[in-house]
Structure formats: structure tokens, C-alpha cells
Amino acid sequence: MHTISLSEFRANASAMIDRVEQGETVRILRHGKPVAELVGVKPDLSARVPSYKRPFEPLLQLPPGYSAVKTLLDERDSAPW
């Protein structure tokens, strides 16, 4: 953690933000007392991944060996039309 006075932070704000981007925390002091901490934002990965690529729980567990295609073909073959 890097500790810096408010006046020094004002003079070097860009450099302090660079430090935060690299993962460091910057504590800002006013009259020798801590008043703020500057920390990096953790990326929200779920917002970047499209919903169709996110993992999901299946609504229905199918029995082993079940084939939806075979069932559909069997149903189509047995239809009267």
C-alpha cells in the first residue's frame, strides 16, 4: 500500500491511478490522517460473457442413452398423416 498526502495526490493523480491499475492500493492522507483509499475495480466477468455462453443448470435430467432425435423420428413415423 502506498500512502500519500492529499496535496501530493493532487499533483500526481495520474501516476497514482497508474499504480492502482497495477494492483496497488493508494491511501490518501489529509493533515496526517487517512481519509480515503484508492483501490482498483474488479472486472465483472459475467457482464462480458454473453448469456448463451454462461453455464446453466439443465431443467430436466434425461436418462442415459436417451436420444431426442430418435424419439422425434419414431413419433413422426407413427403419425397417421
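Modeller: Two strands pair if DSSP finds at least two bridges between them. Strand β1 (residues 2-5) and β2 are joined by 4 bridges, so they count as a pair, and they run parallel. The model is predicted: local features need pLDDT of at least 70 and side-chain atom pairs count only at pLDDT 80 or more, while totals for chains, interfaces and linings use all residues. Residues are numbered from 1 along each chain as its sequence is written, and side-chain values use heavy atoms, with hydrogens and water left out.

Colleague: Which residue of β2 is the bridge partner of Thr 3?

Modeller: Thr 3 has Arg 27 as its partner in β2. Arg 27 also stands opposite Glu 37 in β3.

Colleague: How do you know that β2 is joined to strand β3?

Modeller: The count is 5 bridges between β2 and β3 (residues 33-38), and at least two are needed, so the strands pair. They run antiparallel. Leu 29 stands opposite Pro 34 in β3. The two strands form a hairpin with 2 residues between them.

Colleague: Why is His 31 called exposed?

Modeller: Relative accessible area decides: under 20% is buried, over 50% is exposed, and partly exposed is in between (1.4 Å probe, protein chains only). His 31 has 78%, so it is exposed.

Colleague: How do you know that Arg 27 forms a salt bridge with Glu 37?

Modeller: A salt bridge needs a side-chain nitrogen of Lys or Arg within 4 Å of a carboxyl oxygen of Asp or Glu. For Arg 27 and Glu 37 the closest N and O atoms are 2.5 Å apart, so the pair qualifies. This pair links distant parts of the chain, 10 residues apart, with Arg 27 in β2 and Glu 37 in β3. Arg 27 has 27% relative accessibility, which makes it partly exposed; Glu 37, at 42%, is partly exposed as well.

Colleague: How many salt bridges does a search of the whole structure find?

Modeller: There are 3. One of them joins the side chains of Glu 24 and Arg 19, at 3.5 Å from N to O. Glu 24 is partly exposed at 28%, and Arg 19 is partly exposed at 28%. Another joins Asp 74 to Lys 70, with the closest N and O atoms 2.9 Å apart. Asp 74 and Lys 70 both lie in helix α4, 4 residues apart, which is about one turn of the helix.

Colleague: What makes up the largest nonpolar core?

Modeller: A nonpolar core is a set of buried Ala, Val, Leu, Ile, Met, Phe, Trp, Tyr and Cys residues joined through side-chain atoms within 4.5 Å. The largest has 7 residues: Ile 4, Leu 6, Phe 9, Met 16, Val 20, Val 26 and Ile 28. Two or more residues each come from α1 (6-11), α2 (13-21) and β2.

Colleague: Which residues does Phe 9 touch?

Modeller: Leaving out residues up to four places away in sequence, Phe 9 touches Ile 4, Met 16, Ile 28 and Leu 38. Contact means heavy atoms within 4.5 Å.

Colleague: What makes the nonpolar surface patch?

Modeller: Leu 59, Leu 60, Leu 62 and Tyr 66 make a patch of about 520 Å². Patch residues have over 30% relative accessible area and no salt bridge; nonpolar side chains (Val, Leu, Ile, Met, Phe, Trp, Tyr) are joined within 5 Å, like charges within 9 Å. Areas come from the Shrake-Rupley method with a 1.4 Å probe, and for residues only the protein chains shown count as cover. Leu 62 has 52% relative accessibility, so it counts as exposed. Its place is the loop between α3 (45-48) and α4 (68-77).

Colleague: Is Arg 76 buried or exposed, and why?

Modeller: Arg 76 has a relative accessible area of 54%, so it is exposed. It lies in helix α4. From Arg 76 to His 2 the C-alpha distance is 71 Å, over 74 residues in sequence.
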